[in-house]
Amino acid sequence: MKPLIALDLDGSLESMSNTTLALAEALQRIQSLELREFHSSSKRRSTDELRIRRRRWRQRCWRVGRGKAFDKLFPSVNLLHVAGDTLPPTRYIPLVISLDDLRPLRSRAKMHPRIRDLQRALNHGATLVVSTRTGAHEVSAILRSRRNQIVTAPPLVPTQPLVTSGKCLVVNVAGGQDRLLARLPDISAFAKTVNAEILIIGSKDVNKEIRDKVGKIRLVTRSKATEALQRARVVIDISDGARFPSFCVAALSAGVPTMARFSDINFEVLGGSAALVEPEQDFMETLREIWHNDSRRKLMRAAGIERARDFEPNTVAQQYHTIYRDILRDYSA
């Protein structure tokens, strides 16, 4: 009999878009499991989804670890998988939590609600799926857990159309506003020399913070990130390193040479395919090199496209399928 997996669509596996839905579509193609989707914090979109009665009340209870267990509401479900902030309690079935954003865990406030909620779930036997091995080590050091309670699987990043004639310098900002402001004068000066438009992608808060400081630069909301990518000749990623570099992977899949700061997570995900800049390296020298050097651009393009295949929907879905299978086997042992 196929195991029945319940997947919450209210919660993304990464920051570019709601790729939980893309994961669901890929999991549906795996014949050895059955998938039922649901929305923990918004209205259901299809009659095929599990219907949570009194959803708003249950959501409030679930956010503090209370309320009726999920498997009491849906006795046929064998495993529950969530990626958002709502963590429904379970009684007899395993709970799997995808964790991509490490910012709450890095909070100086050690009693951050996210830490408290994850710790409570772990104490009840949940499994955390962290997007990188580096991140998994960090989570293990913060949360008290058994060795087998933290596993690794990347978020999926849908393959982007190849970019063949991009002319813009696209800067993706994810928690690196201070670094961006420090780099902007040099980046702007370079863009003028090559007659390139700068597109800065960030959250509304980022755009609001830098709007009055950037001059003739176009600010792009994250909802328009994939469109901006299609205009890129080079992508610069400026981040705090707390999230999986999904936009970089998307750029690699589109064949766009990409540069980012050197970090353990970036090295694990992007090493050998993107230009990772050490703190003591000349940032602008690297930018000029990958903008002008056609031989290096060709090599980076090929390496990036190959690396991005590791994060395609079917590949990631198979990894989650293996995680589900192993957890269910251990749970029934």
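Modeller: What follows takes the labels one by one and sets each value against its cut-off. The model is predicted, so local features need pLDDT of at least 70 and side-chain atom pairs count only at pLDDT 80 or more, whereas totals for chains, interfaces and linings use all residues. Residues are numbered from 1 along each chain as its sequence is written, and side-chain values use heavy atoms, with hydrogens and water left out.

Colleague: How many helices and strands does the chain have, and how are they assigned?

Modeller: There are 13 helices and 12 strands, and these are DSSP runs numbered from the N terminus, with helices (H or I) of at least four residues and strands (E) of at least two.

Colleague: Which residues does Ala225 touch, and what counts as touching?

Modeller: A contact means heavy atoms within 4.5 Å, and Ala225 touches Ile201 and Phe247, with residues up to four places away in sequence not counted. Among contacts between residues at least 6 apart in sequence, 62% join residues at least 24 apart.

Colleague: What makes a set of residues a nonpolar core, and how many residues has the largest one?

Modeller: A nonpolar core is a set of buried Ala, Val, Leu, Ile, Met, Phe, Trp, Tyr and Cys residues joined through side-chain atoms within 4.5 Å. The largest has 58 residues, and those with the most contacts inside it are Phe70, Ile97, Leu128, Val139, Leu229 and Leu270. Helix H9 (residues 246-253) supplies the largest share of this core, 6 residues. Apart from it lies another core, of 25 residues, among them Leu169, Leu184, Phe190 and Leu287. Leu270, for its part, touches Pro245, Cys248, Val249, Leu252, Ala260 and Leu276, not counting residues up to four places away in sequence.

Colleague: How do you know that Phe190 and Trp291 form an aromatic pair, and why is it called edge-to-face?

Modeller: Rings of Phe, Tyr and Trp (its six-membered ring) pair if their centres lie within 6.5 Å; planes under 30 degrees apart count as stacked, over 60 as edge-to-face and the rest as tilted. Of the 7 aromatic pairs in the structure, the one of Phe190 and Trp291 has 5.7 Å centre to centre and 85 degrees between the planes, and is edge-to-face. This pair links helix H6 (residues 177-193) and helix H11 (residues 283-292), with its two residues 101 residues apart. Phe190 is buried at 5%, and Trp291 counts as buried at 6%.

Phe244 and Phe311 are edge-to-face as well, with 5.5 Å between centres and 65 degrees between planes. Phe244 lies in the loop between strand E10 (232-239) and H9 and Phe311 in the loop between helix H12 (294-308) and helix H13 (313-332), so the pair ties together parts that are 67 residues apart in sequence. Elsewhere, ring pairs link Phe38, Trp62, Phe70 and Phe74 into a cluster.

Colleague: What makes you say that the charged end of Arg233 sits over the ring of Trp291?

Modeller: A charge sits over a ring if NZ of Lys or CZ of Arg is within 6 Å of the ring centre and within 35 degrees of the ring normal. The charged end of Arg233 is 5.3 Å from the ring centre of Trp291 and sits over that ring; the charged end of Arg54 sits over the ring of Trp57, 4.5 Å from its centre.

Key
Buried < 20%, exposed > 50% of the residue type's maximum accessible area, 1.4 Å probe, protein only.
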